[in-house]
Amino acid sequence: VPVSIHSEHGLLHGQLSLLAEVSGIVVLAHAAMVLDEPDALMAAQFRQAGFSTLSVDLLARQEEHFPDVHNNVSLLAKRLLEFIDLIKNRMLLGEIPMQALGLCAAGVTSPVAVRVAAQRDLEVAAVVCRGGLIDLAGALYLHSLTSPLLVLAEETDTHHIAISRRALQEISCPCELKLIPQIGFDFSLSDGFEKACDESIQWFRKYLQTA
């Protein structure tokens, strides 16, 4: 089911895939065309595991080439919040069954997901971030986060691992850093990407089904 919201530079698009018997919706947020392939692959894995999915693009098409818009955490967070509001309103209207929400993000959208979860602590049951610098969410949001957070880092990325460990020290809710093999360019054949999918599914099963 296509969904959309308005932005300053045009419509932002999402794709909602609802399963009949589920215990949660995983919202996958991306802000770059290059993330479409892994986003679609991971969404398919979540559905096979029994979760509904909402894949959203936080950039309008003409914004793809704007300098630094991908790193505008506050702007992207505002847009992700609007998508969440859209889904929650549909639940309240009875158009979608009431169920827990999880956020899944990678790269530049990782700090966006953390900030949004901190702002909607009663609505977001769990968060998974693959790569990205979660500290860019801001210290205030790290401190106030209550949604259980899983951070996945490639075992060869020592810089990202160190930054993630420091950021997780600022978080008081359940949180973990797990190392995965290097993903590489071919996501469909990557052991690292398969491991990331498996760890993400386990995290959401643990927290969404008990929310």
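Buried means under 20% relative accessible area, with exposed over 50% and partly exposed in between, using a 1.4 Å probe and protein chains only.

First, the ground rules. This is a predicted model, where local features need pLDDT of at least 70, side-chain atom pairs need 80 or more, and totals for chains, interfaces and linings use all residues. Residues are numbered from 1 along each chain as its sequence is written, and side-chain values use heavy atoms, without hydrogens or water.

Now the aromatics. Phe, Tyr and Trp rings (six-membered ring for Trp) pair if their centres lie within 6.5 Å; planes under 30 degrees apart are stacked, over 60 edge-to-face, the rest tilted. The structure holds three aromatic pairs. Take Phe 46 and Phe 204. Their ring centres sit 5.6 Å apart with planes at 75 degrees, so this pair is edge-to-face. Helices (H or I, at least four residues) and strands (E, at least two) are DSSP runs, numbered from the N terminus. Phe 46 is in helix 1 and Phe 204 in helix 6, residues 191–208, so the pair ties together parts 158 residues apart in sequence.

How accessible is Phe 204? Its relative accessibility is 0%, so Phe 204 counts as buried. Phe 46 is also at 0%, and buried.

Next, Phe 51 with Phe 204. That pair is edge-to-face too, at 6.4 Å centre to centre and 70 degrees between planes. Phe 51 lies in the loop between helix 1 and strand 4 (52–57), and Phe 204 in helix 6, so this pair links parts 153 residues apart in sequence. Phe 51 is buried as well.

Put together, Phe 46, Phe 51 and Phe 204 form one aromatic cluster.
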